[in-house]
Amino acid sequence: MLRSLQIEPEKCTGCLQCEMACSYQAEGVFNPSKSRIKIFTFHDEGRFVPYTCTQCTEAWCLHACPVEAIVINEATGAKEVIDDICVGCKVCTIACPFGTVNYNQETAVVQKCDLCGGDPECAKACPTQAITYVDSDHSGLERMRAHAAQNLPQDNA
Amino acid sequence: MAWTRNVLRVNLTNGSITTEPLNMQWANDYLGQRGLATKYLVEETDPTCDALSPDNKMIMTTGPLTGTMVSTAGRYSVVTKSPLTGCIACSNSGGYFGNEMKNAGWDMVILEGKSPKPVYLYIENDKAELLPADDLWGKSAWETDEQIHAKHQDPLVRIAVVGRAAEKGCLFSAIVNDLHRAAGRSGVGTVMASKNLKAVAIRGTRGVGNISDPTKFFKASEDGKKVLAENAVTGEGLPALGTQVLMNVINEVGALPTRNHREVQFEGASKISGEAMLEVRESDGKANLTTNGACFGCTIACQRISTVDKDHFSVKDKPQYHGNSGGLEFENAWSLGSDCGVDDLDAITAANFLCNEDAVDPISLGATIAAAMELFEEGAITVKDTGGMELKFGSAEALLWATEVTVRGEGFGKELGQGSKRLCEKYGRPELSMTVKGQEFPAYDPRGIQGIGLAYATSNRGACHLRGYTVASEILGIPEKTDPLATDGKAGLVKAFQDATAVVDSAGICAFTTFAWTLEDIAPQIDAACEGDWSAERCLVVGERIWTMERDYNLAAGITGKDDTLPKRLLKDAAKTGPAEGRANDLHKMLPEYYEVRGWTLDGVPTDETRSRLGL
């Protein structure tokens with residue numbers, strides 16, 4: 001069963017535990033600037049929104065790569081960057097419509113979410129379940145359930 | 001390890017910027033942040049110096065846990081000599097700035113001297129430079145934040161800044177970071193402005209590492225988070241209602257200072273409570289509270305993010321206040337609300353926005369306005385002084401006016417900006433100032449909560465709830481319940497809270513964790529991150545050492561045991577209502593015992609034996 005990261009912005013508090021967990025897994029230090037998942041603060045609106053790669057089926061980044069450095073992990077469905085092959089041309093960063101592939105000036109290759117090989121650290125670190133790792137076919141399950149609950153007869157509640 | 005072991009030293013007088021290794025012997029003795037930076041200040045400055053002269057230094061400092069995955073570990077402090085109190089000042093803030101400083105590679109930034117012209121300090125990892133700030137001088141904290149972001153074309157720069165109040169000499173000016181988090185108390189912002197330093201802007205991309213034992217660290221930090229999540233205060237009360245969970249509670253126990261401490265219960269408390277912030281306004285169909293939020297790394301998330309009704313008189317036709325911003329904490333709701341007798345939630349929220357916009361401590365501001373209102377009602381201040389404004393208790397219009405002129409340093413606001421003590425002295429009624437060592441009280445009346453009176457009287461930075469929050473024990477039963485009206489045993493309780501808090505403030509974590517955590521929860525996290533053995537016992541000794549060092553600084557600055565007292569109103573005038581009716585604060589019963597448990601003389605001076613036991 002494939003799983004996907006499910007993001008529910010209304011639950012996010014902006015604590016950045018996910019960014020620390022992501023960067024520690026990838027870089028061995030707590031470094032939000034190197035996190036593959038980013039939290040955006042919308043100050044006037046009073047909202048926090050996590051954003052990361054959604055692992056497109058027809059991935060623009062993968063098709064754009066001239067050296068085939070981005071490959072599909074068949075087990076997780078993640079589009080993964082092979083650091084040794086990447087030449088740092090950044091074409092994938094232009095191709096991605098969502099901006100979730102980014103260049104890392106220290107490693108001189110691009111970086112993106114690889115779902116941590118099927119056990120994403122961001123989801124484990126999130127204290128409010130704003131980020132969860134769920135069945136890809138049913139990412140709407142909890143929302144469906146919440147709406148279904150609204151239709152329960154009151155006297156049976 | 002966990003420390004970056006690097007210190008950045010900036011001499012504003014001659015513009016030199018140098019780096020040096022962190023003194024690890026001191027780090028072993030004082031841990032980090034509050035303790036360690038105070039040690040640096042003690043070693044490098046004269047405690048008798050004028051706080052606003054170039055001789056005073058100002059240290060921005062992180063703790064060893066700052067920037068790690070330990071819950072709430074994003075804190076930084078500003079340590080300096082206070083212009084408000086003449087005591088040691090250490091103000092602690094959350095938001096994202098502290099982590100950015102640590103990620104840039106610095107345990108500490110020491111700022112000394114005074115720049116000949118307005119500047120701001122820009123730090124990008126190991127690159128640091130002083131840049132001209134002539135175009136930022138005279139701007140609010142919010143405008144300055146926006147302009148620096150625009151100038152560097154980098155939304156990820158984190159900025160700590162002073163507003164117009166500090167430039168105009170308001171003695172309780174704060175340093176605001178991330179728009180609405182503040183190193184709030186004791187006038188640390190006034191010191192920063194006195195150095196012609198408008199802002200510190202940081203971008204850090206180096207990462208925080210050097211975890212001594214990663215396996216132990218992740219286990220300990222996960223255990224800690226679990227304790228916070230399962231605790232009723234940190235897991236439920238604070239995320240739902242913020243610190244405002246306390247408004248109704250403290251009013252009910254008869255310890256909510258009202259109208260400059262004339263009373264101890266406020267008839268309008270429920271209207272300005274955390275619960276009231278959730279109620280939908282009739283006017284615009286929205287609640288005051290939009291959502292809760294977290295500082296960096298915090299799994300509690302007590303921040304209030306709020307709006308004011310766009311048609312409310314306080315913000316009408318002022319679109320800059322129509323969006324969301326930092327909402328009311330209990331302290332601010334009390335100082336701007338109950339202490340001024342104001343029960344208009346939107347007005348208090350708007351006044352709080354103004355405090356954030358120009359970086360002013362809302363506790364001292366509200367308490368000073370409350371003193372001014374009493375002076376006005378007593379006829380000591382008149383409309384001639386205020387330029388026509390009737391400064392009456394309960395007037396939301398007067399509150400907003402007084403707030404605006406103070407945060408902008410205009411007219412009568414310059415007098416209010418001197419704080420309650422100087423204001424009441426000037427108008428001939430010093431007894432009306434509700435202060436200790438020149439700093440205004442926070443939101444707990446020591447007649448209804450006896451132990452906090454001793455904590456206020458002996459606090460090293462003047463009246464303050466965050467130097468020894470015995471309210472946790474006396475009201476909330478944390479870690480165990482004591483009778484708020486009793487004085488027995490409070491000396492030991494105050495000492496225990498003061499010493500433990502000094503450790504928390506030196507580690508890089510938030511004091512609010514201690515609603516759930518004891519040193520038994522905190523020490524394993526420090527121990528796993530830092531080299532050496534950091535047991536709870538060692539932490540307590542470090543805490544006591546820090547407290548005593550701060551005391552010695554104050555003694556050297558000329559503040560003595562005589563200053564360990566409370567205003568007469570709290571010692572003589574009994575509470576008129578509530579559970580504490582008929583009681584004043586019995587400081588005289590607690591203070592001698594406090595000196596004894598601290599190992600100090602009857603005059604409040606640490607004995608040689610105590611100093612040597614603590615390695616001072």
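Buried area is the accessible area (1.4 Å probe) that two parts lose on being put together, summed over both. This is a predicted model, in which local features need pLDDT of at least 70, side-chain atom pairs count only at pLDDT 80 or more, and totals for chains, interfaces and linings use all residues. Residues are numbered from 1 along each chain as its sequence is written, chains are lettered from A and ligands numbered from 1 in the order in which they are written, and side-chain values use heavy atoms, with hydrogens and water left out.

Q: What area do chain A and chain B bury between them?
A: Contact means heavy atoms within 4.5 Å. By that rule, 24 residues of chain A touch 38 residues of chain B. Carbon and sulfur atoms give 60% of the buried area, and the total is about 2200 Å².

Q: How many salt bridges does the rule find across the interface of chain A and chain B?
A: A salt bridge needs a side-chain nitrogen of Lys or Arg within 4 Å of a carboxyl oxygen of Asp or Glu. Across this interface the count is 0.

Q: Which side chains meet in a salt bridge at 3.6 Å, N to O?
A: An automatic or database assignment sets the domain bounds. In chain A it gives domain 1 (1–52 + 117–152) and domain 2 (55–112). Between these domains the count is 1 salt bridge. The side chains that meet at 3.6 Å are those of A:E106 and A:K34.
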